[in-house]
Amino acid sequence: MKLTMPSDLPIHRLTDGERIRYGRMLRGRGRSREAEHVFQAVLQSDADNPYALLGLGQARLDQLDAGGAIGPIEMAAKRLRGCLDVHHSLAVAYGICGDHERSSWNFNQALRISPYDPGVILDYSKSRRFSAHDGLLERIDRSLIAPGLARKQITGLHFAAGKILDDLGSYDNAWSRFRIANESVSGRFSVEWWEKVVHESIIFFDAIKMKNLRAKAASTPGIIFVFGCPRSGTTLVEQILSSHPCVDGIGEKSTLSQVAARMVKELGSKERFPQCMNRLTDTQVTELAGWYCRQVFSSNMSQDCRVCDKTPSNFVYVGMINAVFQDACLVHCRRNTLDTILSCYFTYFRSGQEYSYDVLDLANYYAGYQRLIRHWESVSAARIHAVQYERIVDEQEAATTDLLENLGLRWHEGCLSFHQTRRKVATASSWQVRQPLYSHSVDRWKNYEKFLNPLVDALDRLGVHWDSYTRTDESHPIDYARSKRHGRHANKRITRGRDLG
């Protein structure tokens, strides 16, 4: 039977088997919320159906609700012995929830069932740091020669190999794998579109416009917006803040971008965001702020608790934050420019981040990001607190103290042992923030220095101001690259904790 869309096919007319197939189809199309309702409909008539339980858990996991996914999948596991999807899903869900013992056990079970499954291998490679490859590299290469692999599977396997080789210090081989992985990603980033977004934001949100919009901002409960370039330490900062008893981290959400979309829709304007904000009334601002708060604040939170919305790309919406949320706190996460860009290049993101698969696209994205941040710093009525990743690593207690004080939070010792905080983390940094602070991600670019001339040239050409922090008095990478090209010694030095430019 061919399954059609919900409007053409009432769910109540389907058999349980057809509903399960339909739910899987919805998941495959990225419509996991609808799929969740379909699987729940099956469970209303057959509460122990293992395939519906598994589908329900997977649909919730798709939506990053790992806590809500574990229960039904564990129930399915009692009936579906030796099921690859069960153990793979549980491994990912337990990893997000910080239970790495159960996550590791389920990964091992999944690899026993299917030693060469591309999806399991990719997720397993991201679950820990490897001191030995334990035969996993051989599994990856054997998987790559299997017939019928999809492009995404091939891409994921090369990213997995690159990650393991990087862990082992085999940097030349790691670069080769990462390069192959990135070149295999279909679809590319539109530099023209990004430059237009940046330009329009800078032109629209001038100092006068920001002042006028700020006068309409609604008073809301405490919200902390943490943003920055991806892989700049935003997850680490959120984990530190979420270890405070008065802060609830909600992870990466698209809620703020949904506010922008609702703004355009409710205004009924032909103008796009942000130009449509010229028509905002005080009432509409209050309604938009209220809608956002209903999405992010839970009913069981205490009145003095704040929400931490950690979404790196929210740096695009700093102007809107100023206009809508009168009492919001803004935290900008910074990290060495080359380390940030390389970390993006080495990451296979779940979705989006199309700029991350080409070093020249990354250079253009980073240049636009930096232009916007510098503009916001000059016009934002709300103070933007800058947090340097390397300073947290080097001076954890001092950096944490400054962060809490800047946000008006009292000192809490638990913020220093953030890695022991049990909460859901569904980002590429899920494993790292469960560990004590480590320094091997600082100045990581030096391991790949020989490959970086095209990137350094592009950043130089784009006029990027280097966001750097180093423990040594070595020359800056851009000066070092210039000296090699022009045969002269660099005469600049990196200043500790300072944004050069």
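Predicted model: local features only at pLDDT ≥ 70, side-chain atom pairs only at ≥ 80, totals over all residues.

Two strands are taken to pair when DSSP finds at least two bridges between them. Individual residues show how the strands are set against each other: Ile224 stands opposite Cys329 in strand 4 and opposite Cys308 in strand 3, while Val226 stands opposite Lys310 in strand 3.

These pairings belong to an open sheet of five strands, in the order 2-3-1-4-5 and with parallel pairing. Strand 2 (247–249) and strand 5 (384–388) stand at the edges, and because each has a single partner strand, one side of each is left without a neighbour in the sheet. From one strand to the next, the twist averages 25 degrees. Helix 13, residues 234–242, lies across strand 1, strand 2, strand 3, strand 4 and strand 5, and runs at about 155 degrees to strand 1.

How many of the six residues of strand 1 are buried? Six of the six are, so the strand is mostly covered. In a regular strand the side chains alternate between the two faces of the sheet. In strand 1 both faces are covered, with Ile223, Phe225 and Phe227 buried on one side and Ile224, Val226 and Gly228 buried on the other.

A pair of aromatic rings is described by the distance of the centres and the angle of the planes. The structure holds 30 aromatic pairs, and one of them joins Phe189 and Trp193, whose ring centres are 6.4 Å apart and whose planes stand at 90 degrees, so that the pair is edge-to-face. Phe189 is buried, with a relative accessible area of 12%. Trp194 and Phe315 form another edge-to-face pair, at 6.2 Å centre to centre and with 90 degrees between the planes. Because Trp194 lies in helix 11 (residues 191–204) and Phe315 in the loop between strand 3 and helix 16 (318–324), this pair ties together parts that are 121 residues apart in sequence. Both Trp194 and Phe315 are buried.

Ring pairs also link residues into a cluster, whose members include Phe159, Tyr171, Trp175, Phe178, Tyr345 and Phe346. Tyr348, Tyr357, Tyr448 and Phe451 are among the residues of this cluster as well. Elsewhere, charged side chains lie over ring faces: Arg128 lies over the face of Phe130, at 4.1 Å from the ring centre, and Lys209 lies over the face of Phe204, at 3.9 Å from the ring centre.

The cysteines remain to be considered. A disulfide is a covalent bond between the sulfur atoms of two cysteines. With a cut-off of 2.5 Å between the sulfur atoms, the count comes to zero disulfides.

Conventions
Residues numbered from 1 in each chain as written. Heavy atoms only, no water. Buried < 20%, exposed > 50% of the residue type's maximum accessible area, 1.4 Å probe, protein only. Helix = DSSP H or I, 4+ residues; strand = E, 2+ residues; numbered from the N terminus. Phe/Tyr/Trp six-rings, centres within 6.5 Å; stacked < 30°, edge-to-face > 60°. Lys NZ or Arg CZ within 6 Å of the ring centre and 35° of its normal. Axes fitted to C-alpha atoms, helices over the stretch in contact; angles between N-to-C directions. Contact = heavy atoms within 4.5 Å.
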